[in-house]
Amino acid sequence: MFLYNHFNINEKGHLCMDGVDTVDIAKTFGTPLYVISRKYIEDAINEYHRIMRANFGDNYTIAYASKALSAKFIYDIIKDMSVHADVVSGGEIYTALAGGMKAENLHFHGGNKTRNEIGYALSVGIGSFVIDNFQEIAIINDLAKAKNITANVILRVKPGVDAHTHEFIQTGKEDTKFGFGIKDGKAFEALNAIISSENLNLIGIHCHIGSQLLESKPFAMAGGIMADFMAEIREKYGITLPHLIMGGGFGVKYTYSDKPESLDDMIKNMADAIKSSCAKNNFPLPHITIEPGRSVVAPSGITLYEVGTVKELPGIRNYVSVDGGMTDNPRYALYDARYECVIADRAGENRDYLATIAGKCCESGDLVTKDIYIQKPQPGDILAVFTTGAYNFSMASNYNKTPRPPLVLIENGKPVLKVRGETYEDLIRLEI
């Protein structure tokens, strides 16, 4: 009945998550409200460990993609599960460290790392920098030299693979702002610059072809291309790089029409392509890192709203307005995202009411999802939107001076407040 098996319906007909009544959670903490399952996150990470170990033995690393959901509680969960983290800003570095992560297990990504961020990362002992442009090669080298240290760096490469996803989240094609191209020779120019830099230590290469990928073929193609490129680097420079990071982007089910390939197949096909290339080129199998984010946290989360107005336009559309919207979930506005929803108070009833879920902002594009079947709503109902654990909390804003919602983590059968909701006072706290 549900997309994921950590949901069920209790004897009251209410939606439950990890056995906890979501209507009761909404009454206790208010709405809008993010609710996250700790058990789902832990199970997802353990599943990645199982699959990676089956394909690479102990020669792998899982690095959680922080941009999906960066908060102290996430790092507190993963730090003891043999998981690293990729971070894309000084703020994510700070949050990861505050959550208990070791700086040596952080990989600093980003297309325009500022000089201050780079200096901060060096000062805390960041594990590695993923190089994305020529300017940061010089900046990292200069700042490392000033501190009399050597910085580990990894080159981000564009393998030129079409990821078959929304154009805004394709990142591995030639026409993308991320990384260096192989075909146009820019990757070799960057390698020359890194190798000639006194305080940089090149340890590997990286690619990330896109997000919300539902099939394995693009991963396999990218794996073969990257492994071939490592062999080409050895031939040209006499360097056998030890690390290959294949990024993340593993897709999840947002709606019943989404049919992602199994993680077993996704990773096995990628592994087979890498191993085939290494065998062909007599190249030792590198240490493989993957960077899942969405697939770890998106299904773990729901957002709870209270239904406000219901506006029926005969022959056109039924608008069901909730007390949140694009301020806590901008993905519809960004990607035309779609979700499954239920009225949590009557989750066992038939979903036969075609609704468009509208937010409360004064913005025509403020929708949560469009043309989805739910139970017939009434003002005061609790609406649960599934698969919102990724890129909702992280992207939330204060548009229309709207306070950002609290976040609750379900652990050991109880809802625990992990992020308090903002107050009106918080909205002007930094104003002078």
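Reader: Which residues of helix 2 are buried?

Author: This is a predicted model, where local features need pLDDT of at least 70, side-chain atom pairs count only at pLDDT 80 or more, and totals for chains, interfaces and linings use all residues. Residues are numbered from 1 along each chain as its sequence is written, and side-chain values use heavy atoms, with hydrogens and water left out. Helices are DSSP runs of H or I with at least four residues, numbered from the N terminus, and buried means under 20% relative accessible area with a 1.4 Å probe, protein chains only. In helix 2 the buried residues are Y40, I41, A44, I45, Y48, H49, I51, M52, N55 and F56.

Reader: What phi does G57 have after helix 2?

Author: G57 follows helix 2. Its phi is positive, near 65°.

Reader: How many residues does helix 2 give to the lining of the second largest pocket?

Author: A pocket is an open set of points on a 1 Å grid over the protein atoms alone, where a 1.4 Å probe fits, with protein on both sides within 12 Å along at least five of seven lines; lining residues have an atom within 4 Å of a point. Of the 24 lining residues here, Y40 is among the closest to the centre. Helix 2 provides the largest share, and its count is seven residues.

Methods:
Helices (H or I, at least four residues) and strands (E, at least two) are DSSP runs, numbered from the N terminus. Buried means under 20% relative accessible area, exposed over 50%, partly exposed in between (1.4 Å probe, protein chains only).
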